[in-house]
Amino acid sequence: MKAWGLLLLVVIAIKAVSTQWNVWMPRDISAMTNSCVVIPCSFMYPSGVRPYRGVHGIWYFGQPYPQLFPPVVYKSRTDIVHESYKGRTKLVGDLHQKNCTLRIGNIGPEHSGRYYFRADLGGANIYTYPDFSELKVLDQPNIDVPEEIVSDDSLDLTCYAPDNCPDMTPEIHWMYTDYLPDPLFTADYLEDSNTAVISSTLTFTPRPMHNGQLLGCRVQYPNTTFVYEHLLALDVKYAPQTVWVNVSQEVMEGSAVMLHCEVDSNPVSRISWHFGDEELLSDTASNVSLYLEELNPSQEGIYTCVGDNGYGVMNTSMYLAVKFPPRDPWVNGSLTVVEGSSIYLHCNTQGSPVPTLTWLKDGELVGTITADELSVLELVELTPQGGGQYRCLAENEHGRSSSSLNITVEFAPILLDESKCTVVREGVQCVCMATGNPEPAIQFYLPDLNITINETENRFNYYTHTDGFTSTGMIKLRDKGEQMGNGGTGIHVHCSITNIYGTETVQLELQQEKKYMMAVIVGTIGGVAVIAFIIAAVRYVGHNNKKEDGNPGQDLVSKLENPSMFYSAVKKDKHSLRKKVLKTELLGSKFNSILEESTTGEEGDYQSVGSVAGLQRPELNYAALDFMRGRPREGRAGQGDDASDYTEIKSK
């Protein structure tokens, strides 16, 4: 063996250097359990010492001093050795050649320790060398693992097996390498201090997936059953590979949520949760959870989990949506604009999901429905009807809210159709009604008298009233004026309506004059109709009597002797006249209404301003039917069987 040659060279060198007590042996030596080990050894003694009765040697275990009674491993003079070494030890060197090499077979873990050599040259020339060789008995091969295995960096793993037993040469094989990317195996043989070691180096590039994977080195001695294995789990350092967080989610305002983050890295990362630029939570662990409670809309946004372990940094984000019903919309303040103006109404709100915005005017839809947080309603060329309450309604699936404003449209005064002069009992009443914003001021003007009426005087009853944007003015004139040559009235009334946007003056028409004249005509016609009805009734009765008696002449004489009087009077009685006119049903409801109007007038405080003679209604006091002088028609005298079928009616 190479070791023996090396040992011989060392011995020669020692002889050349010194002749003192000296020994050489490997400081460390190893062997596999149940195998053997040969400890190379050579010694020197002073040149002046002469061995007496030969050269002997003793190997001790643990201690070099006999007085401490260390276990005897080997003794050349006798076979007395410690129990644990019986049949196991043998001196393979020649003491006379100053070679103290020792072989120990079938070693076990209990044989691990220090071994000392003692030279016995006889007499007092006995010397225990302080140098020792420490034996390590291994139950598995050694694997040289770098202090740090980093992902994506090339890695060399070396498995060592001692080769210090000449009778047994080990073989090394790597286990569980099938999953490795392109593994490379390299064998080597090492000698150091007369000890031998064989090695096998595995080279590959680890990945994060290899972290925790098992690798094994197996040592086997041919022609024996001795097999030794060493398994290890790879500790591959790698930057964060994945950062897992909750999926983006929606939660209701006021609720709570737990955000989880788990980072795959080696070593474990420092995990931190961030919201915007703010760090909310951090910890060094494989996972960290962030608890949020009483959520509000300001907490909606992107939450980011960051993992940092010194080998790299990685982050993942998720979106947390906080749902809530629409807030009360912001709208313009109430506005006052001039007719014809165009304005924009703004409505702005917040809600999640984004609410729909609807504009309503006095409860009716205006504009379009907008699915946005801002809605602008354009009102073009506003009219008075465009004024009112405008409400912006915001709705989403979680609720609704609204805000309102008022639009007031200012406009010039407008005369209403109700403005007129009406003939009432013993006078004329003039009403002027106008609408406008601001409310119009009303005054009357009598051009015939050159009088402007805007307050109560002793000759006029002046009255005004305002309701909203409508103003009403009224005056009462006592007399009806004088008849004009063309049959018209002599009263002229002008109405003037005024506000800051304009003035309008109109002449009020006397709308009821013709109706009163018509009522008189209706009364007269009604009276005639009643008389005609009575005549028809008399004829019918007379005709029936003629048929019953069969003697018309006698009947006529009887009638002359006892004349009957029938009459009907149409008097100036309000109730009877109204009733009779209603019964005729000849002129329709229009004239009935006129008549009703004319009979329900109230007495008022009027001031005389002239007479209107043309407005006097003719009076029908009565109509009499006289049958006292009834006679036959001419040409029919003497015909007793052919009495007159009618009676002539005369007016008294």
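Is Cys392 buried or exposed, and what is its relative accessible area? Cys392 is buried, with a relative accessible area of 0%; buried means under 20% relative accessible area, exposed over 50% and partly exposed in between, for a 1.4 Å probe and protein chains only.

The legends below describe a predicted model, in which local features need pLDDT of at least 70 and side-chain atom pairs count only at pLDDT 80 or more, while totals for chains, interfaces and linings use all residues. Residues are numbered from 1 along each chain as its sequence is written, and side-chain values use heavy atoms, with hydrogens and water left out.

**Figure 1. The disulfide of Cys347 and Cys392.** The sulfur atoms of Cys347 and Cys392 are 1.9 Å apart, and a disulfide is here a pair of cysteine sulfur atoms within 2.5 Å. The torsion about this S-S bond is about -80°, so the link of Cys347 and Cys392 is left-handed. Cys347 belongs to strand β29 (residues 343-348) and Cys392 to strand β33 (residues 388-396), and the pair links distant parts of the chain, 45 residues apart. Strands (E, at least two residues) and helices (H or I, at least four) are DSSP runs, numbered from the N terminus. By the distance rule, the model has seven disulfides.

Figure 2. In the pair Cys261 and Cys305 the sulfur atoms lie 1.7 Å apart. The S-S torsion of Cys261 and Cys305 is about -75°, so this disulfide is left-handed. Because Cys261 lies in strand β21 (residues 257-266) and Cys305 in strand β25 (residues 301-308), the pair ties together parts that are 44 residues apart in sequence. Cys261 and Cys305 are both buried. Cys421 and Cys430 form a disulfide with their sulfur atoms 2.0 Å apart; its torsion of 105° about the S-S bond makes the link right-handed. Both Cys421 and Cys430 are buried.

**Figure 3. The largest nonpolar core.** This core has 29 residues, and those with the most contacts inside it are Phe43, Trp59, Cys100, Tyr115 and Phe117. A nonpolar core is a set of buried Ala, Val, Leu, Ile, Met, Phe, Trp, Tyr and Cys residues joined through side-chain atoms within 4.5 Å. At least two core residues come from each of β2 (28-32), β3 (37-39), β5 (56-61), β6 (72-75), β8 (102-104), β9 (113-120) and β10 (126-138). Not counting residues up to four places away in sequence, Phe117 touches residues including Met25, Cys41, Ile58, Leu95 and Tyr129, where contact means heavy atoms within 4.5 Å. Another core, of 25 residues, lies apart from this one and has Leu138, Leu155, Leu215 and Val236 among its members.

Figure 4. Strands β2 and β10 run parallel and are joined by five bridges; two strands pair if DSSP finds at least two bridges between them. Ser30 has Lys136 in β10 as its bridge partner. β9 and β10 form a hairpin with five residues between them, and Gly122 in the turn has a positive phi of about 95°.

**Figure 5. The loop residue His82.** His82 is located in the loop between β6 and β7 (89-91). With 36% relative accessibility, His82 is partly exposed. His82 and Pro71 are eleven residues apart in sequence, and their C-alpha atoms are 5.5 Å apart. Beyond its neighbours within four places in sequence, His82 contacts Pro71 and Val72.

**Figure 6. The hairpin of β17 and β18.** Strand β17 (residues 214-220) runs antiparallel to β18, to which seven bridges join it. Leu215 stands opposite Leu232 in β18. Six residues separate the two strands of this hairpin, and Asn223 in the turn has a positive phi of about 65°. In β18 (residues 227-233), Tyr228, His230 and Leu232 make up the covered face, whereas Val227, Glu229, Leu231 and Ala233 make up the uncovered one. In a regular strand the side chains alternate between the two faces of the sheet.
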